[in-house]
Amino acid sequence: MALQASSFLCASCSVSSRHQRGNIAATISLPKLRTSTLSLPKLPTRGLVEELALSNATTTKTYIEKQSNSPKNNTSSRLQHQANDSVPMVIAKLYAIMETVSDRVEMHRNIGEQRNNWNSLLLTSINAITLAAATMIGIAATSSIGAPMMAVKTASTLMYLSATGMLLIMNKLQPSQLVEEQRNASRLFKQLLGQIHTLVSIGNPTVADVKEAMEKVLALDRAYPLPLIGVMLEKFPSAVEPAVWWPQQRRRKMKGNNGKMDWNGWNGKLEEEMRELVGIMERKDKADYLRLAEKAVKLNKALALAGPLLTGLAAVGSAFAGSSSLGAWAAMLGVVGGALASIVNTVEHGGQVGMVFEMYRSNAGFFRLMEESVESNLNESDVGMEAAVLLSYMDFVDLV
């Protein structure tokens, strides 16, 4: 019993000692939990850094506002602040304009293909009708007088009259010239789309850029309209002028303190050379294209009048063919008039004289754009980039 009691006491002592060591270990580990919570006081340090940054930003903002309140910087800082605030809206407007321009490119391309089909189909149809009518009147002239000859004469006359009406409409519209207009419009709208895309990609656009893009779109719409009725370009103008597809250049005058013109950055020799270049383009390049355009429009006008006139005379000849007094001459007029009308129609619309006129007019407009760009940039104060562009123009003119 004594041994059992002693063993029980030893066991209890060992248990109690282990329990005490566990309590001691627990009490010793408690400071570790407390040390892990020591990271919480770092929060005031981060707040202090933020407070210092905010105070620094506030001081800087106060200094900028004081500087901007001065009369010298008030206007520029206000415009810059407005421009920075409106950048997202400006980009959204430019994207809307890009969508519109992309639609214009597709519309002008589709309408150009449609009008090209008009030119080929109308040319083929009118020539077929005219030659068929000439063949019929030739057959009727060699036949005896009777009901079959009257039917052939009537059909030939109707075919000549229909060909005359179709020629009048075709010569008024000039489908080949319309095709060239749509081709130029598609190319220029595609170029404008690339310019706006580049502006959005590499720069901080402003409200002035949006206004300029809208003006370019409207100028192109005026230069190359889509509808035919009411807004169609004059196909036979009395005075040939270069094509204008750009908005009017804004010329700004730099005034000094004494009201005199300040130096605009151009070297005097370079400025003289550029003005000489403008004179050469006006006297030689633009004048040559305008002279060729005048010749093309005169030829086109003569052919446009001759075609319906010949088919009309052929219709009269076919109507009087087979009569006792004028039968032979009337039949000859009907056959020869139809053949000549087919030749004239082929030269005018198959040769696309209207397209040639529009091409010359567009080339003259390109040189006019160069002239206005040079004259406008000569009056600008910051012309470093424009000088490089104009020098590239000079190289292009030398190559031409």
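Predicted model: local features only at pLDDT ≥ 70, side-chain atom pairs only at ≥ 80, totals over all residues.
**A friendly note on an all-helix model**

1. Where does Thr130 sit? Thr130 is found in helix 4. Is Thr130 buried or exposed? With a relative accessible area of 1%, Thr130 is buried, because buried means under 20%. The side chain of Thr130 also reaches the backbone oxygen of Ile126, at 2.8 Å.

2. Now step back to the whole chain. Its secondary structure comes to 11 helices and zero strands, so you will read α-α-α-α-α-α-α-α-α-α-α along the sequence. Of the 400 residues, 34% count as buried. The accessible surface is about 24400 Å², and carbon and sulfur atoms account for 63% of that surface. Among contacts between residues at least 6 apart in sequence, 84% join residues at least 24 apart.

3. Next, the UniProt record. The entry, which is unreviewed, annotates residues 121-141, 147-169, 302-320 and 326-347 as "transmembrane region". In the model, residues 302-320 are 100% helix and 0% strand, with end C-alpha atoms 27 Å apart. Residues 326-347 are 95% helix and 0% strand, and the end C-alpha atoms of that span lie 31 Å apart.

4. The largest nonpolar core is worth a visit. It has 21 residues, and the members that touch the most others are Leu94, Ile97, Phe189, Ile196, Leu220, Tyr224 and Trp245. Which helices each supply at least two residues of this core? They are helix 4 (87-141), helix 6 (175-202) and helix 7 (207-223). There is also a second, separate core of 10 residues, including Val240, Leu290, Ala296 and Phe357.

5. Setting aside its neighbours within four places in sequence, Phe189 is in contact with Val101, Arg104, Val105, His108, Val217, Leu220 and Asp221. One of these partners, Leu220, is listed beside Phe189 among the core members that touch the most others.

6. Finally, have a look at helix 10, which covers residues 353-378 and has 26 residues. From its first C-alpha to its last, helix 10 reaches 38 Å, close to the 38 Å expected at 1.5 Å a residue. Why is helix 10 described as largely enclosed by the rest of the structure? Because 19 of its 26 residues are buried.

Key. Residues numbered from 1 in each chain as written. Heavy atoms only, no water. Core = buried A, V, L, I, M, F, W, Y, C linked by side-chain atoms within 4.5 Å. Buried < 20%, exposed > 50% of the residue type's maximum accessible area, 1.4 Å probe, protein only. Helix = DSSP H or I, 4+ residues; strand = E, 2+ residues; numbered from the N terminus. Contact = heavy atoms within 4.5 Å. Polar contact = N/O pair within 3.5 Å; in protein donor to acceptor, adjacent residues only side chain to side chain. Expected span 1.5 Å × (residues − 1). UniProt positions renumbered as here; feature names shortened; annotations may be inferred. Areas by Shrake-Rupley, 256 points an atom, 1.4 Å probe, with all protein chains shown as cover.
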